[in-house]
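Student: I've got a model open and want to talk through its strands and rings. Can you take my questions one at a time?

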Amino acid sequence: MKAGLGVDGEYIYEQEKHLTVLKTSLFFANDGFIVYDCKGQLLFRVDSYGPLPRDKGQLVLMDAHGKCLLTLRKKRPSLHQRWEGFVGERSEGQKPIFSVKRSSIIGRCGMIVEMLNNPGEEYQIEGNFGQRSCKILNARKESMAEVKRKVDASRKVVLGKDVFLLSLKPGFDGAFAMGLVLVIDQIYGDDYVQNYYEAETFPYHTPLMF
């Protein structure tokens with residue numbers, strides 16, 4: 001998949017874009033997301049996919065109208081916790097366009113994204129998603145997308161981890177990037193919940209230090 005030829009051309013932008021991602025539950029990992037553009041328009045949503053009734057091995061990224069853009073499916077068994085991505089609603093026999101896996105089976109590590117319809121093309125995911133600080137890098141180590149804490153500039157505060165930014169470089173597919181965020185959350189989301197319960201306090205707003 002070349003930059004600009006991704007899941008859906010509607011979400012490929014000529015200029016850098018900053019999307020706001022809202023995790024819809026603080027109390028359970030992998031409970032759903034909604035994503036807005038800089039104008040407050042709904043772009044993507046992921047209905048609750050855990051922890052009870054649904055198949056936690058499959059996720060569906062939808063547009064604002066409920067159309068399936070991307071299906072993510074966990075490959076079993078997999079020591080590297082491999083996931084595969086399919087365009088649209090996955091059908092029997094359909095081939096994935098990319099796969100995501102941990103770079104190591106031991107400890108906290110980065111992730112590798114392989115573009116299956118373009119052999120040799122890879123991305124790497126580095127950073128700490130639990131702290132909302134990670135990057136999607138191309139083979140030249142250039143940042144194509146970044147997850148980071150969202151700042152309320154009017155009050156000079158950093159918002160809680162349930163609200164964060166997904167920043168996209170020009171030409172990088174926003175639907176593909178959000179699909180990768182869902183996989184990262186599946187693999188490392190438990191760290192986020194653990195941090196929530198282990199902290200003595202969990203301030204919704206953290207003042208910026210100048």
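Student: Which residue in strand 10 is the bridge partner of Gln124?

Tutor: Quick ground rules: this is a predicted model, where local features need pLDDT of at least 70, side-chain atom pairs count only at pLDDT 80 or more, and totals for chains, interfaces and linings use all residues. Residues are numbered from 1 along each chain as its sequence is written, and side-chain values use heavy atoms, with hydrogens and water left out. Strands are DSSP runs of E, at least two residues, and helices are runs of H or I, at least four, both numbered from the N terminus; two strands pair if DSSP finds at least two bridges between them. Strand 9 (residues 122-128) runs antiparallel to strand 10 (residues 133-137) with five bridges, and the strand 10 partner of Gln124 is Leu137.

Student: Which residue in the turn between strand 10 and strand 11 has a positive phi?

Tutor: Strand 10 pairs with strand 11 (residues 143-149) in the antiparallel sense, over four bridges. The hairpin has five residues between the strands, and the one with a positive phi, about 65 degrees, is Lys141.

Student: What stands opposite Lys148 in strand 14?

Tutor: Strand 11 is also joined to strand 14 (residues 163-168), antiparallel, by five bridges. Opposite Lys148 stands Leu165.

Student: What is the angle between the planes of Phe129 and Phe164?

Tutor: Rings of Phe, Tyr and Trp (its six-membered ring) pair if their centres lie within 6.5 Å; planes under 30 degrees apart are stacked, over 60 edge-to-face, and the rest tilted. Phe129 and Phe164 are 5.9 Å apart centre to centre and count as edge-to-face, with a plane angle of 90 degrees.

Student: Why is the pair of Phe172 and Phe176 tilted?

Tutor: Both residues, Phe172 and Phe176, are buried. Their ring centres are 5.6 Å apart and the planes sit at 55 degrees, so the pair is tilted.

Methods:
Buried < 20%, exposed > 50% of the residue type's maximum accessible area, 1.4 Å probe, protein only.
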